[in-house]
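Morning, everyone. Please have a look at the model on the screen, and then I'll walk you through a few parts of it.

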Amino acid sequence: MSTQTTSEDLELNQLQSEAEESAAAWRASRSGHGGSSAERLSSLDTLESEAIHIIREVVAEFEKPALLFSGGKDSVVMLHLATKAFWPGKVPFPVLHVDTGHNFPEVIDFRDRTVERLGLKLVVGSVQEFIDRGELAERADGTRNPLQTVPLLDAIQHNKFDAVFGGGRRDEDKARAKERILSLRDEFGQWDPRNQRPELWNLYNGRHTVGQHVRAFPISNWTELDIWRYIERENIELPSLYYAHEREVFARDGMWRAVGEVSQPLPNEDVITKLVRYRTVGDMSCTGAVESDARTVADVVVEVAASTLTERGATRADDRISEAAMEDRKKDGYF
Amino acid sequence: MSTETLAAGLETALPTTLFRFATAGSVDDGKSTLVGRLLHDSKAILADTLDAVARTSADRGFGGEKGGIDLALLTDGLRAEREQGITIDVAYRYFATDRRSFILADCPGHVQYTKNTVTGASTADAVVVLIDARKGVLEQTRRHLSVLQLLRVAHVIVAVNKIDLVDFSEQVFRDIEADVQKVARELGLGSDGVADLLVVPVSALDGDNVVDRSERTPWYTGPALLEVLETLPAADELEAELESFRFPVQLVIRPQGALAPDAVAAGLDVEAYRDYRAYAGQITEGSVKVGDEVSVISPGHEPRTTTVIGIDFAGQSLDEAAAPQSVAVRLADEIDIARGDTIAAAGTVRESTADLYASLAWLSPKPLREGQKVLVKHGTRTVQALVRNVTGKLDLATFNVEPASNLELNDIGHAQLRLSAPLPLENYLHHRRTGAFLVIDPNDGNTLAAGLVKDHPGDHEDERYVI
């Protein structure tokens with residue numbers, strides 16, 4: 001017997017131990033007690049892989065896709081996934097921002113820095129310009145979120161985008177719970193929930209005729225908590241208002257509204273300084289802050305996991321208007 | 001719970017795995033209530049949603065004088081559905097336990113049941129079929145089970161609901177269980193190692209055997225529904241273990257100097273990546289290691305063999321990757337490879353063929369006719385196809401295959417198609433991803449059918465299966 005271990009021996013030993021390990025993992029998974037978690041993809045890895053698959057499918061099958069980018073956390077995660085999908089190449093499509101004109105300045109700043117950092121083209125559809133031209137009327141309640149549909153469709157048409165990525169998630173709303181991953185829109189941008197294509201396996205059917213376009217939702221299956229865990233894991237930068245900060249606010253409709261150019265307190269509404277953060281980022285005039293001391297992403301993960309309110313219920317006045325608010329807007333071509 | 005305790009809890013709970021399941025049944029079977037119960041008892045419902053449901057329940061006088069929450073309202077969807085009191089479409093719900101994150105495809109039973117069940121089941125690791133304990137196995141149950149067998153769903157759980165309304169009678173349960181087993185035997189479900197079958201007595205309304213085992217069914221010694229869902233292996237785990245690596249190429253990553261500015265800023269070696277070329281896709285089954293021999297399958301070429309020299313994922317170099325990971329693969333030889341080609345473990349793929357024998361679940365109101373031209377989407381390739389003939393249709397009452405010359409909405413049948421280009425087709429029985437395809441209408445682009453590849457006649461492998 002040789003005292004020297006040959007490289008073949010080592011390789012053989014290694015192969016044997018690998019085979020034993022994988023057999024053990026297999027038995028564990030078959031026995032129904034779950035193998036060791038290290039051997040399997042975590043739910044975040046699975047969701048990430050699914051999203052990247054969808055992003056690549058859309059880029060491969062469509063002529064001119066674009067990604068809706070508001071600077072909100074879901075669109076930031078979408079853009080991060082796109083950078084991973086095409087690494088080391090550039091993200092091969094422009095980003096589209098529908099600007100309500102009611103922005104948080106730090107979000108616009110973040111948007112511009114991000115576009116610069118990734119070398120992307122930014123297309124802006126401006127609600128203000130439509131109002132100035134008299135093509136949209138300001139609502140009595142001052143909210144501009146519902147007004148985004150017209151500039152969105154206009155930008156899609158003018159730029160001939162045939163696929164538009166959105167960060168919509170099915171856990172956000174009961175209308176979104178019925179949304180497809182690839183969702184066909186007609187010439188008017190309308191969603192027809194009664195007439196959707198069945199979506200089978202991981203085979204996505206993006207065929208469309210002239211004038212139609214497709215909305216693609218690669219993170220459909222993510223929850224708010226998944227988004228935050230992923231932001232933490234990937235160390236993704238977000239606009240600072242997602243984290244706890246001191247802000248001048250006043251109470252309206254059971255939410256804390258920021259004091260700003262487009263969001264002024266009425267005489268009977270007292271302005272106070274509070275430690276708050278935002279769970280969603282939208283039109284400043286209708287997006288509320290929540291009281292929070294979550295200053296870091298880890299704090300936010302804990303807070304979201306323990307939250308007893310849905311993110312839209314807690315922070316979006318426009319979704320409180322009626323039980324079917326989101327459904328009605330989606331049918332008209334909203335995100 | 002203090003923030004610290006919760007943080008500690010989160011720490012130990014990670015990482016959870018993902019499990020997808022679907023529910024099939026009708027509102028009458030209490031499906032909405034069961035889904036509501038799972039969401040409610042696993043604390044997936046947040047306070048504002050619960051308040052809204054409680055208000056509506058009270059407005060409608062639910063539960064009489066003692067009141068209560070109508071859990072079915074938790075799954076109430078679109079306005080049109082509320083107005084008509086029906087569920088139109090598959091709805092997706094999300095909840096998590098310490099062990100798993102769940103994606104639930106809630107498939108309505110009344111309208112377009114086959115379409116909805118096929119859709120929900122195609123991505124499901126498990127399907128829960130609801131039966132009303134007072135009614136037992138109905139035609140709809142047979143339909144659901146036949147669709148699940150067709151799609152080879154790995155785990156089928158039959159929940160015998162409203163067990164409280166039959167006074168928790170063991171006899172009633174055992175009779176239904178025997179009927180279910182009989183249908184399953186007729187279908188070959190649960191007997192061939194493809195699927196496993198479990199029958200559970202539950203009361204969705206009261207929560208018996210949904211999250212926790214019930215004391216009111218002492219004669220039932222099996223697990224509660226959620227326990228089952230927490231412990232069954234997911235299809236991804238099983239697919240990753242398969243020996244046959246399959247990787248349909250989605251696109252070629254070839255930046256040619258257009259490198260990502262953020263990657264360059266982070267120190268990417270621009271020179272080294274000037275001629276970078278990798279094939280991007282999602283591994284559909286099996287696993288691959290650097291150094292593995294692979295075959296590249298493209299139409300019009302003999303399979304070409306080469307070696308994997310790199311597996312990249314967003315700046316990381318991996319030694320190994322497995323289904324369902326999305327990666328980019330680099331190969332030793334410069335081979336012309338494009339979207340639609342398949343990279344597979346060397347020598348494991350049969351010759352491509354343009355003759356497609358398949359089972360079809362017809363999902364469109366437009367019927368399938370012989371001689372019709374359609375599109376077939378298989379993996380990452382879409383080709384034209386001619387429907388040569390329809391060879392039979394499944395009679396869901398008898399499970400016999402009857403002669404047929406067309407297929408209509410909700411029919412399950414067999415057909416032979418001729419493809420405009422050969423594809424690396426594989427039997428769906430053994431390859432859930434590369435054995436599946438879509439039939440698409442070339443005129444309006446709508447999805448017409450879910451297709452499952454069968455062996456050619458003469459290959460006798462799947463003769464023992466009805467469908």
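Let me start with a question: on the other side of helix 7 of chain B, which residues are exposed? They are B:Gln171 and B:Arg185. Exposed means over 50% relative accessible area, buried means under 20%, and partly exposed is in between, with a 1.4 Å probe and protein chains only.

Some ground rules. This is a predicted model, where local features need pLDDT of at least 70, side-chain atom pairs count only at pLDDT 80 or more, and totals for chains, interfaces and linings use all residues. Residues are numbered from 1 along each chain as its sequence is written, chains are lettered from A and ligands numbered from 1 in the order in which they are written, and side-chain values use heavy atoms, with hydrogens and water left out.

Now chain B as a whole. It has ten helices and 24 strands. Those are DSSP runs, numbered from the N terminus: helices are H or I with at least four residues, strands are E with at least two. Of its 467 residues, 59% count as buried. Take the contacts in chain B between residues at least 6 apart in sequence: 72% join residues at least 24 apart. Contact means heavy atoms within 4.5 Å.

Back to helix 7 of chain B. The buried residues there are B:Phe173, B:Ile176, B:Glu177, B:Val180, B:Val183, B:Ala184 and B:Leu187. What do the buried residues pack against? Strand 4 (126-132), helix 6 (139-150), strand 5 (155-161) and strand 6 (196-201) of chain B.

Next, the ends. B:Ser169 caps the N-terminal end of helix 7 of chain B, with a side-chain oxygen 3.3 Å from the backbone nitrogen of B:Gln171. Just after the helix, B:Gly188 has a positive phi of about 80°.

On to the nonpolar core. A core is a set of buried Ala, Val, Leu, Ile, Met, Phe, Trp, Tyr and Cys residues joined through side-chain atoms within 4.5 Å. The largest one has 171 residues, and B:Phe21 and B:Val158 touch the most other members. Leaving out residues up to four places away in sequence, B:Val158 touches several residues, including B:Val129, B:Leu145, B:Val180 and B:Val199. Apart from that core lies another, of 24 residues, with B:Leu356 and B:Trp362 among them.

Last topic: salt bridges. We count a side-chain nitrogen of Lys or Arg within 4 Å of a carboxyl oxygen of Asp or Glu. How many does the structure hold over all chains? There are 47.

One is A:Glu48 with A:Lys84, closest N and O atoms 2.8 Å apart. A:Glu48 sits in helix 2 (residues 43-61) of chain A and A:Lys84 in helix 3 (residues 73-86), so the pair ties together parts 36 residues apart in sequence. A:Glu48 counts as buried at 3% relative accessibility. A:Lys84 is buried too, at 10%.

Another pairs A:Asp74 with A:Arg169, at 3.0 Å, N to O. A:Asp74 is in helix 3 of chain A, and A:Arg169 is in the loop between strand 4 (163-165) and strand 5 (182-185), 95 residues apart. A:Arg169 is buried, at 1%.

Finally, A:Asp45, A:Glu48, A:Lys84, A:Arg233 and A:Glu234 are linked in a network of salt bridges.

Terms used. A polar contact is a pair of N or O atoms within 3.5 Å; within protein, one must be able to donate a hydrogen and the other to accept it, and residues adjacent in sequence count only if both atoms are side-chain atoms.
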